[in-house]
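Here is a friendly walk through one protein model, with the cut-offs spelled out along the way. Have the sequence and the coordinates ready.

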Amino acid sequence: MTLDIAELERQHRELQLPSADLDDLWRLGSLIVAEARARDLAVTVDIRHGEQQVFHAALPGTSADNDHWARRKAAVVRRFGEASYLVGERHRAAGRTFDLDPAHYAAHGGSFPLLVRGTGMVGTVTVSGLPQVEDHRLVTDCLARYLEQQR
């Protein structure tokens, strides 16, 4: 089941962090890993602050291929400033092929911008290992839960 563009845009507006220092991002990454372990999901989690990788976890059942997918999905977010799934859905809705070099970019679900209220995008949070909608949902569900914990 796909998510429509309006829902993806709503997530972009609402899933904004109050702050994103290294401790914040460690807590977010740990939350995603705990959720993935609780659901026995084979995923790789990658969080970057700017270009610095600040969190990385590869759970059982993943491979180096998941790292490659995470890097390519995060490159889409860095380039367009929006979730990789949203970028891909916009292209599909317009009947266009996503034509950036697939060796470097993947407009598939699973990478989301780390948005800080009043600041903008400061990095990316990415999951790889599931079908694209499930990768995207794992990230956004955990971001929503993290925000609830911060309130």
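## Val-125 and the cores

Let us begin with one residue and its surroundings. Val-125 touches Leu-28, Ile-32, Asp-46, Ile-47, Gly-110, Ser-111, Phe-112, Leu-114, Val-139 and Leu-143, leaving out residues up to four places away in sequence; contact means heavy atoms within 4.5 Å. The model is a predicted one, where local features need pLDDT of at least 70, side-chain atom pairs count only at pLDDT 80 or more, and totals for chains, interfaces and linings use all residues. Residues are numbered from 1 along each chain as its sequence is written, and side-chain values use heavy atoms, with hydrogens and water left out.

The largest nonpolar core has 35 residues, and Val-125 is among those with the most contacts inside it, together with Leu-28, Ile-32, Val-43, Leu-114, Leu-138 and Leu-143. At least two residues of this core come from each of α2 (22–38), β2, β3, α4, β4, β5 and α5, and α5 gives the most, with 7 residues. Another core, of 7 residues, lies apart from it and includes Ala-75, Val-87, Phe-98 and Leu-100. A nonpolar core here is a set of buried Ala, Val, Leu, Ile, Met, Phe, Trp, Tyr and Cys residues joined through side-chain atoms within 4.5 Å. Buried means under 20% relative accessible area, exposed over 50%, and partly exposed in between (1.4 Å probe, protein chains only).

## The strands

Helices (H or I, at least four residues) and strands (E, at least two) are DSSP runs, numbered from the N terminus; two strands pair if DSSP finds at least two bridges between them. β5 is largely enclosed by the rest of the structure, because 7 of its 9 residues are buried. It runs antiparallel to β2, with 6 bridges, and Thr-44 has Ser-128 in β5 as its bridge partner. β4 and β5 are also antiparallel and joined by 6 bridges, with Leu-115 opposite Met-121 in β5. The hairpin of β4 and β5 has 3 residues between the strands, and there Gly-118 takes a positive phi near 80°.

β2 (residues 44–49) is joined to β3 (residues 52–58) by 6 bridges, again antiparallel. Arg-48 finds its bridge partner in Gln-53 of β3. This hairpin has 2 residues between the strands, and Gly-50 has a positive phi near 60°.

The charged end of Arg-72 sits over the ring of Trp-69, 4.4 Å from its centre (NZ of Lys or CZ of Arg within 6 Å of the ring centre and within 35 degrees of the ring normal). Just after α3, Gly-81 takes a positive phi of about 75°.

α4 is mostly covered, with 7 of its 10 residues buried; among them are Tyr-85, Glu-89 and His-91. The buried residues of α4 pack against α1 (5–14), α3, β4 and α5.

## His-12

Why does His-12 count as buried? Its relative accessibility is 19%. His-12 lies in helix α1 and, neighbours within four places in sequence aside, is in contact with Gly-81, Glu-82, Phe-112, Pro-113 and Leu-115.
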